Amino acid sequence: MRIAVVGSGYVGLVSGACFADFGHEVTCVDSDERKIEALKKGVIPIYEPGLDELVARNSEARRLLFTTDLDAAMQSAEAVFIAVGTPSRRGDGHADLSYVYAVARDIARNIRSFTVVINKSTVPVGTGDEVERIIRETNPEADVAVVSNPEFLREGAAIEDFKRPDRIVLGIEDERARAVMTEIYRPLYLNKAPLMFTARRTSELIKYASNAFLAMKITFINEMADLCEAVGSNVQDVAHGIGLDNRIGSKFLHAGPGYGGSCFPKDTLALVKTAQDYASPLRLIETTVAINDQRKRAMARKIVRAMGGDVRGKTVALLGLTFKPNTDDMRDSPAISIVQGLQDAGATIRAFDPEGMEAAKACLSDVTYCTDAYDTAAGADALVLVTEWDAFRALDFPRLRTLMKAALLVDLRNVYRREFIAQHGFRYISVGRPEEDIPVALAAE
Ligand code: NAD
């Protein structure tokens, strides 16, 4: 099968490389010439474990090509995936669909025979209808079927997720397109990955409903963590206790500084906007968005409190800046609000992230970027674990103690245990876990 993928970012590049690895002939297109030139030389513009090797292997086999020329990529392509960004629109929070619609127009001009156009970008309900309308208006002769096939991969585990998905959702209302999509995903189908066929509008909503539900689950446990701090309970035990109920499940129940990244914040907001437009508001999601926004900044206040309430003239060392480990993505990372909140309170920031520092430099100013955890901690009044990279899971606390001005660890990911940290003479503040044992009688007062 010959496939073109338009947009060679996280989703387009991973999808294109995986499709090529299945044996399809794939051309990845991007309007960013520098990105395409780099990809042609085997330089991967993002950090994603295993992607460099996958791209190299399939490029060498000539199953994976890169170009800025959509026309050339579409020559004899039976399927064209749209995988461009759908960021929040400035000002109102709706998904900005201008990139999707621009690509739809470009695709329309290059359709010569029956072509399946697949929306892999995360797009609001009805976008497939509009893409189809644009294509038919631009090229009335076009023999086309527009399909919705949302992507569920997670950054940091993208290849594994793409190759072993929980499900593949296909919003299709055309029999020929169904045959093409079944053929594209046949290698996975043989692995028993469930292909779910549904109506196009339903498929579009499944993606948003999934992300909104997961964002709500994280927010639930984050609020529960605040209550745990107030009443002297341990949120990890609460999460474990409720997660053992298989109607609830244990995933996405890790309390922390709030969700970030390139998907949850913008997708929850876009869903809220869609629901309001249809006069069917989603109050749970509206509240989730508001709580999460406030939580990120509240983490800065938590650090200030842990440092005695005044950080003017003090130095805070941050470990981890990306919104989660194993990615270099800084989009909507909680670290941004935390750094800004601490700087507003007068603190000096030192920071280290294994992969995200280049991206961080573009969105954070007046930060001293360091070479590792120990360099970061040097002379600091507090060490804050913001992102749980493996490199921060077994820190040398005796060494840190000799380097730091004050022995304080604020662990926003609950990586450590208080008893362990206390052995090394550190004060330890985490999320939703008591700072010290609260006697039962006292807790009840
Ligand atoms: P990205 O910003 O990493 O990549 C988008 C790419 O599209 C960029 O390289 C850009 O140069 C290119 N592009 C823009 N306009 C173009 C045009 N007219 N022609 C050719 N190329 C063009 O975005 P992403 O993270 O890959 O996300 C893409 C979509 O997938 C979004 O809708 C996102 O919500 C969704 N999604 C992302 C993830 C994720 O983990 N990143 C997961 C699931 C779904």
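Hi everyone. First, some housekeeping. The model is predicted, so to speak of local features we need pLDDT of at least 70, and side-chain atom pairs count only at pLDDT 80 or more, while totals for chains, interfaces and linings use all residues. Residues are numbered from 1 along each chain as its sequence is written, and side-chain values use heavy atoms, with hydrogens and water left out.

Let's start with the whole protein. Along the principal axes, the C-alpha atoms fill a box of roughly 75 × 45 × 40 Å.

How much of the protein is buried? Buried residues make up 52% of the 445, where buried means under 20% relative accessible area, exposed means over 50%, and partly exposed is in between (1.4 Å probe, protein chains only). Now take contacts, meaning heavy atoms within 4.5 Å. Among those between residues at least 6 apart in sequence, 72% join residues at least 24 apart.

Next, please find the open sheet of 6 strands. Its order is E11-E10-E9-E12-E13-E14, with parallel pairing; two strands pair if DSSP finds at least two bridges between them. Strand E11 (367–369) and E14 are the edge strands, each pairing on one side only.

Let's zoom in on E9, residues 315–319, which runs parallel to E10, residues 348–352, with 5 bridges joining the two. Leucine 318 stands opposite alanine 351 in E10, and leucine 319 stands opposite phenylalanine 352. Why is E9 described as largely enclosed by the rest of the structure? Because 5 of its 5 residues are buried. In a regular strand the side chains alternate between the two faces of the sheet. In E9, Thr315, Ala317 and Leu319 are on one side and Val316 and Leu318 on the other, and all are buried.

Now for the rings. Rings of Phe, Tyr and Trp (its six-membered ring) pair if their centres lie within 6.5 Å; planes under 30 degrees apart are stacked, over 60 edge-to-face, and the rest tilted. By this rule there are 13 aromatic pairs. In one of them, phenylalanine 252 and phenylalanine 264 have ring centres 6.2 Å apart and planes at 45°, so the pair is tilted. Phenylalanine 252 lies in the loop between helix H11 (235–243) and helix H12 (264–277), and phenylalanine 264 in helix H12, so the pair ties together parts 12 residues apart in sequence. Phenylalanine 252 is partly exposed at 30%, whereas phenylalanine 264 counts as buried at 13%.

For phenylalanine 397 and phenylalanine 426, the centres are 5.3 Å apart and the planes at 80°, so this pair is edge-to-face. Phenylalanine 397 is in helix H17 (residues 397–403) and phenylalanine 426 in the loop between helix H18 (418–423) and strand E14 (427–429), 29 residues apart. Both are buried.

There is also an aromatic cluster formed by Phe19, Phe22, Phe81, Phe162 and Tyr185.

Technical notes: Helix = DSSP H or I, 4+ residues; strand = E, 2+ residues; numbered from the N terminus.
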